[in-house]
Amino acid sequence: MLDPARLRSDLDAVVARLADRGYSFPTAAFLALEQARKDVQVRTQDLQTRRNALSKAIGQARGKGEDTDALMAEVAGLGDQTRALEGELDRIKGELEALLLGVPNLPQAGVPQGRSADDNVEVRRVGTPTVFDFAAKDHADLGVGTGLVDFEAGVKVAGARFTVLKGAIARLHRAIAQFMLDVHTAEHSYTEVYVPYLVNADSMRGTGQLPKFEDDLFKVPRGAGDPPLYLIPTAEVPVTNLVRDAIVAADTLPLKFVCHSPCFRSEAGSYGRDTRGMIRQHQFDKVELVQIVAPDASDAALEALTAHAETILQRLELPYRTVVLCTGDMGFSAARTYDIEVWLPGQGAYREISSCSNFEAFQARRMQARFRNAAGKPELVHTLNGSGLAVGRTLVAIVENHQRADGSIAIPAALRPYMGGIDVIPAT
């Protein structure tokens, strides 16, 4: 959530920066609510001033032995009016909060301006796109060719955009996740956490999924009187919310967490896109990196976190590029984002495999996640996260980039210790 104080003091600049990312701020509605808030507060202050004067008059009258019934009755009436105004103020604040919950974050200075992915800027490219001396296949054909990827079974037991993996491919999927966890914990100093896969609405609201993106979520109804829960779209939600409504000690920062979890997305609005294979699924696994840092450390933390995710691709011998997203392609909560895109020979294109973002205080303000600064005062932390990496897409990239002419799949050296000595998955 944006800082309301900044909106009040620098509204025109905020509106202009939001326009850079294609968002039209509801200025009229905001100003009307702000004026209503100010009016109620002034009226409340006037009532309190009158009540203080009456209390003083009552004391003086009692000291003189005079009747105070009329004064007491007026004080009682003022109390009723004050309570009514407090209720009105709560209503206005609720409408203001609802308005602000739908407003995206401000892009950082230096984020390239643009309207779509076509305007993203490449930062670096590592490796060269894989070229074969045979007709390369995509992961769907290769998976079916091994007999270990069953798309039809996924449809039978669940529906479209679900897949069943078997044998060595299922083991490869597990090996990828274990390899990532080992690298991030042993080499990058992240603490591994295991978290719930179902979360409450407060958690979804804290990281920005609610209220704007409810259609993208799987909502799980419960018994009468129990609020619904939501299947997590990413481990970012439960992991980041570990610091919700907390004041952490400054000397514990940065907090660095890594979590392997399934992720569940309805993919609302994506029908017809990536329907072939495993690129866009309702259920997929990710190894997620989350950092909670002091504000002056978040820019450097984003660079480090992105490098941690890139390390995995380098170890797996996968060509990739890193791009900084333009204002029009950034996620709702992000102030700056790097996308890491891996080369997929089956598509002849780079495709996103990780998105690493600095949210600054946007999520922290929604969660009231704070630390005590050098002056001993509570201050909002900055939050960051990124995939380190998406497991399914990493599997796809390995299968396509390490395929052989006979349809078999070579296992990258970094994963062989996790595969029980298997170095090739043969074609059937």
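Guide: This is a predicted model, in which local features need pLDDT of at least 70, side-chain atom pairs count only at pLDDT 80 or more, and totals for chains, interfaces and linings use all residues. Residues are numbered from 1 along each chain as its sequence is written, and side-chain values use heavy atoms, with hydrogens and water left out.

Visitor: How many disulfides does the structure hold?

Guide: A disulfide is a pair of cysteine sulfur atoms within 2.5 Å. The closest cysteine sulfur to that of Cys259 belongs to Cys263 and lies 8.6 Å away, which is too far for a bond. The closest one to the sulfur of Cys263 is, in turn, that of Cys259. The number of disulfides is 0.

Visitor: Is Cys263 buried or exposed?

Guide: Buried means under 20% relative accessible area, exposed over 50%, and partly exposed in between, using a 1.4 Å probe and protein chains only. Cys259, with a relative accessible area of 1%, is buried. Cys263 has 0% relative accessibility and therefore counts as buried.

Visitor: What percentage of the residues in the protein chain is buried?

Guide: The protein chain has 428 residues. By the cut-off of under 20% relative accessible area, the buried share is 49%.

Visitor: How many helices and strands are there in the protein chain?

Guide: Both are DSSP runs numbered from the N terminus: helices are H or I with at least four residues, and strands are E with at least two. Counted in this way, the protein chain has 12 helices and 18 strands.
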